[in-house]
Amino acid sequence: MTSSEHHIAFIGGGNMASAIIGGLIRKGMKPDQITVIEPFAQTAAKLKTDFGISAWPCAHPSLVQADLVVWAVKPQMFSEAAVPVMPHTRQALHLSVAAGIRSDSICRWIGTERVVRSMPNTPALVGQGITALFPCPSVTPADRSLVEQVIGTTGQFLWVTQESQLDAVTALSGSGPAYVFYFLEAMTEAGTGMGLSPEQAYQLAVATFSGAASLAAASTESPEVLRQRVTSKGGTTYAAITSMEASGIKASFVKAMQAAQLRAGELGDEFGKA
């Protein structure tokens, strides 16, 4: 059975839910196969405008028809949101896209162990995301297949074998788009300081990131080798890389990602107590 033959419910209708909903509809799912619980009127109105979906402001008996429930709520709201939803969805498969909340907490709050925990990222909004998935033991091969069909509408996915790996995924790809945007800011600022217009500098920076990422994805060579191919001894790239190495950019970047990993674990401790 494909995802287009199922009924899917979303608890929360914000950006990540919208990314998945948009992908599902592009793949042929009809709006009446989707139930959304979204208390914020402005967000609900956008779902209506974008997808023709009328969201319920609170848990509704129609949730009972859901084969899959996607939890797209803020981590600090998960336990509270689960209370009115749980009585209607014990029979469903559950997919969490809430950062940091561990599967044992999720299973306790929603009354089932058919849970897949995931860590997506925001490029899912344009179908270029990558999502890591971790299944609880009660998740069946058919359940995994359904999750893959749903998440596959937003980009790539991979399964991890240990839940603790999701903290590393959060630090690497979950938070990763912000690192790219941070470097885009710096490159645009530098380009503008060197005489380009802000528009020119930004266009060049974005195209360079996009092109380099595409080249890396298409190549069998390591990023180190690819970098070396652009770096001629004594040339302009060599000057830039030498300056970054002298400033400890790589070591600082690794340390920053380790801080993100640590915080991901803290979020699980903090929000999983309810």
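Author: Gladly! This is a predicted model, and we can start with Thr140, which is partly exposed, with a relative accessible area of 34%.

Reader: Why is Thr140 called partly exposed?

Author: Buried means under 20% and exposed means over 50%. Thr140 has 34%, so its value falls in between and the label is partly exposed. Thr140 lies in the loop between β6 (129-135) and α5 (141-151). Thr140 and Leu184 are 44 residues apart in sequence, and their C-alpha atoms are 42 Å apart in space.

Reader: What makes Ser96 buried?

Author: The relative accessible area of Ser96 is 1%. Buried means under 20%, so Ser96 gets that label. Ser96 belongs to strand β4 (residues 93-96).

Reader: Which residues are in contact with Ser96, leaving aside its neighbours within four places in sequence?

Author: Those residues are Trp71, Phe78, Ile106, Val116, Arg117 and Ser118.

Reader: Let's turn to the aromatic rings. How many aromatic pairs are found in the whole structure?

Author: The search finds five aromatic pairs. One of them is formed by Phe78 and Trp109, with 5.5 Å centre to centre and 45° between the planes.

Reader: Why is the pair of Phe78 and Trp109 called tilted?

Author: The centres have to lie within 6.5 Å for a pair, and here they are 5.5 Å apart. Planes under 30 degrees apart count as stacked and those over 60 as edge-to-face.

Reader: What makes the pair of Tyr182 and Phe183 edge-to-face?

Author: The ring centres of Tyr182 and Phe183 are 6.4 Å apart, and the planes stand at 85°. That distance is within 6.5 Å and the angle is over 60 degrees, so the pair is edge-to-face. Tyr179, Tyr182, Phe183 and Phe253 form one aromatic cluster.

Reader: How do you know that the charge of Arg144 sits over the ring of Trp159?

Author: The charged end of Arg144 is 4.1 Å from the centre of the Trp159 ring. The limit for the distance is 6 Å, and the charge must also be within 35 degrees of the ring normal. Arg144 is listed as sitting over the ring of Trp159.

Reader: Back to the helices: how do α3 and α4 meet?

Author: Their axes come within 8 Å and cross at roughly 35°. Phe78, Ser79, Ala82 and Met86 in α3 meet Ile106, Trp109 and Ile110 in α4. By class, this contact has six nonpolar, one polar and no charged residues.

Reader: And what about the chain as a whole?

Author: The chain has eleven helices and seven strands. Of its 274 residues, 39% are buried.

Key:
Residues are numbered from 1 along each chain as its sequence is written. This is a predicted model: local features need pLDDT of at least 70, side-chain atom pairs count only at pLDDT 80 or more; totals for chains, interfaces and linings use all residues. Side-chain values use heavy atoms; hydrogens and water are left out. Rings of Phe, Tyr and Trp (its six-membered ring) pair if their centres lie within 6.5 Å; planes under 30 degrees apart count as stacked, over 60 as edge-to-face and the rest as tilted. Axes are lines fitted to C-alpha atoms, for helices over the stretch in contact, and angles run from 0 to 180 degrees between N-to-C directions. Helices (H or I, at least four residues) and strands (E, at least two) are DSSP runs, numbered from the N terminus. Contact means heavy atoms within 4.5 Å. Ala, Val, Leu, Ile, Met, Phe, Trp, Tyr, Cys and Pro count as nonpolar, Asp, Glu, Lys and Arg as charged, and the others, Gly among them, as polar. Buried means under 20% relative accessible area, exposed over 50%, partly exposed in between (1.4 Å probe, protein chains only).
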